[in-house]
Amino acid sequence: MNTDTVSSEQILAMLVTLGIAFLLPVLLWIFAMRKEKRLSTAVIAGAFGFIVPQMLIRLPLLQVLSAQSDWVYFISTNQLFVVIFFPLTAALFETAGRLVVLGKVLRNRLSFNTAYGAGIGHGGAESIGLIGLTYINNIVISFMINSGRLPDVAGMDATVKALTQTEPSMFLMAGIERAMVIPLHIALSVLLGLYLTRNRLLLGTLLCVSIHFAVDFGVVLLQMQQLSIWLIEGFLLIVAVFSIWLILFMKKRFILREMPKDEAETALEEGY
């Protein structure tokens, strides 16, 4: 592999991942809309249920911590803490976002369809916000490297090294992971929605946090053991299959199967 430029195979792998990151959530949204045309509110609300707690609160806080030398030293010498802290905070913040969306914003319209739509929005926001935007940046920098137009900016050497020396398959894995993680986000939203309809908030929240934590914990633990990427992807494939089964299993247990009409739609039908 030429380490001076980004190969066409690497760029193609990045483009495929970019396509998955953006298109998969959109296609799921469109497919869901074919069955329930009033699902957009739930999808958009679900997206904000990820963006606000994760991208606007948790990640900026972690960036502030990462600039503290004491914090960097602490996590570098306490692997057990790292394995627990990062997955647990992700599970807590994202579950809090789900609770606000399903328990407040969509409370009067809560059904399987709204919970499903919120899950698409949640997983789609993560896919686009964390992977899609990152890969747009990677592709732009890659073309700048190949054309010799990359500005001489401090700290850019590490980025150039990562883009030029990473195997194409590794870039592709990020897209494959999105395809396997989005079902988990949908399942967690549906799970929490189901327990909210049964007025079992505490149990639903604990289950949602526990499952989310267990999956993230498993991935971080496997990564820290420096095991094969294929083992990690295999683990996520099992999670995806389980998530799809869980969604179908819970769908039959919702009291409300259809998405209730909002007040504006009801008033319009009644001639107000």
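Modeller: Let us start at a helix cap. Ser-111 caps the N-terminal end of α5, with a side-chain oxygen 3.3 Å from the backbone nitrogen of Asn-113. Such a polar contact is a pair of N or O atoms within 3.5 Å; within protein, one must be able to donate a hydrogen and the other to accept it, and residues adjacent in sequence count only if both atoms are side-chain atoms. Helices (H or I, at least four residues) and strands (E, at least two) are DSSP runs, numbered from the N terminus. This is a predicted model, in which local features need pLDDT of at least 70 and side-chain atom pairs pLDDT 80 or more, while totals for chains, interfaces and linings use all residues. Residues are numbered from 1 along each chain as its sequence is written, and side-chain values use heavy atoms, without hydrogens and water.

Colleague: What span does α5 reach from its first C-alpha to its last?

Modeller: The expected span is 1.5 Å times one less than the number of residues. Helix α5 (residues 112-147) has 36 residues and reaches 50 Å, close to the expected 52 Å. A kink of about 30° is centred on Ile-128 in α5; the bend is the angle between axes fitted to the seven residues ending at a residue and the seven starting there. Just after α5, Gly-148 takes a positive phi of about 75°.

Colleague: Where does the kink in α1 lie?

Modeller: The kink in α1, of about 30°, lies at Leu-23, shortly before the proline Pro-25. Helix α1 (residues 8-35) has 28 residues and reaches 40 Å, close to the 40 Å expected. Pro-25 is among the buried residues of α1, which include Met-14 and Leu-18. Buried means under 20% relative accessible area, exposed over 50%, and partly exposed in between (1.4 Å probe, protein chains only).

Colleague: Is Asn-199 buried or exposed, and where does Asn-199 lie?

Modeller: Asn-199 is exposed, with a relative accessible area of 72%, and lies in the loop between α7 (168-197) and α8 (201-224). Gln-226 also has a positive phi, near 55°. Gln-226 is placed in the loop between α8 and α9 (229-251) and counts as exposed at 72% relative accessibility.
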